[in-house]
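Subject: Structure handover and notes

Dear colleague,

I am passing on the structure below, and my notes follow after it. Please keep it open while you read, so that each residue can be looked up as it comes.

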Amino acid sequence: RPVGQVWADARAAVPPIHRAFLAGLRAYHQVGELLFVHAGIRPGLPLAAQTETDLIWIREPFLSHPGPHPWLVVHGHTAVGPPGHRGNRVNIDSGAA
């Protein structure tokens, strides 16, 4: 089937209240010195300068960045076995998707 039709069918299968909830979510959540994001951050940029694309999709240079961030970044997007603390970040992606 054409991708557009699959997209339309999938969207129609999700109740509008669920789509509204997901659309209203912020791209990050900060609690004190913890920053929760889907994928990570662009090292060296203030939180206000981070793009939603980076917060959702970034891998490099975030994953290999050895220096500290202003927060301990809790993220997923890159599947690992057990959660791993890397000093400046914690990857909690178990690959369940």
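In which helix does Asp54 lie? Asp54 lies in helix H3, which covers residues 52–57; helices here are DSSP runs of type H or I with at least four residues, strands are E runs of at least two, and both are numbered from the N terminus.

Before going further, please note that this is a predicted model, in which local features need a pLDDT of at least 70 and side-chain atom pairs count only at pLDDT 80 or more, while totals for chains, interfaces and linings use all residues. Residues are numbered from 1 along each chain as its sequence is written, and side-chain values use heavy atoms, with hydrogens and water left out.

**Asp54 and its partner**

Asp54 is buried, with a relative accessible area of 11%, where buried means under 20%, exposed means over 50% and partly exposed lies in between, computed with a 1.4 Å probe on protein chains only. If residues up to four places away in sequence are not counted, Asp54 touches Ala39, Gly40 and Arg42, a contact being heavy atoms within 4.5 Å. The C-alpha atoms of Asp54 and Ile41 are separated by 6.1 Å, although the two residues are 13 apart along the chain.

With Arg42, Asp54 forms a salt bridge whose closest N and O atoms are 2.8 Å apart; the term asks for a side-chain nitrogen of Lys or Arg within 4 Å of a carboxyl oxygen of Asp or Glu. Because Asp54 lies in helix H3 and Arg42 in the loop between E2 and H3, the pair ties together parts that are 12 residues apart in sequence. Arg42 is partly exposed, at a relative accessible area of 30%.

The structure holds 2 salt bridges, and another pair to look at is Arg1 with Asp9, whose side chains meet at 2.5 Å, N to O. Here Arg1 is exposed, with a relative accessible area of 66%, whereas Asp9 is partly exposed, at 33%.

**The sheet**

What is the order of the strands in the sheet? The sheet is open and has 5 strands in the order E1-E2-E3-E5-E4, with mixed pairing, and two strands are said to pair if DSSP finds at least two bridges between them. Its edge strands are E1 (28–31) and E4 (84–85), each of which pairs on one side only. Strand E1 pairs with strand E2 (residues 34–37) in the antiparallel sense over 4 bridges, and Tyr28 has Val37 in E2 as its bridge partner. E1 and E2 form a hairpin with 2 residues between them, and Gly32 in the turn has a positive phi of about 55°.

**The core and a surface patch**

The largest nonpolar core has 11 residues in all, among them Leu35, Val37, Ile41, Phe62 and Trp71; such a core is a set of buried Ala, Val, Leu, Ile, Met, Phe, Trp, Tyr and Cys residues joined through side-chain atoms within 4.5 Å. Once residues up to four places away in sequence are set aside, Ile41 touches several residues, including Leu35, Gln50, Leu55, His69 and Val73.

On the surface, Phe21, Leu22 and Leu25 form a nonpolar patch with about 330 Å² of accessible area together. Leu22 is found in helix H2 (residues 16–23) and is exposed, with a relative accessible area of 53%.

**The loop between E3 and E4**

Is Thr78, in this loop, buried or exposed? Thr78 lies in the loop between E3 and E4 and counts as buried, at 19% relative accessibility. Leaving aside neighbours within four places in sequence, Thr78 is in contact with Arg59, Leu63, Asn91 and Asp93, and its C-alpha atom is separated by 7.6 Å from that of Asn91, which is 13 residues apart along the chain.

Gly81 lies in the loop between strand E3 (72–75) and E4 as well, but at 54% relative accessibility Gly81 counts as exposed. With neighbours within four places again left aside, Gly81 is in contact with Asp93 and Ser94, while the C-alpha atoms of Gly81 and Gly24, 57 residues apart along the chain, are separated by 30 Å.

Best wishes

How values were computed: Patches are made of residues with over 30% relative accessible area and no salt bridge: like charges are joined within 9 Å, nonpolar side chains (Val, Leu, Ile, Met, Phe, Trp, Tyr) within 5 Å. Accessible areas come from the Shrake-Rupley method with a 1.4 Å probe; for residues, only the protein chains shown count as cover.
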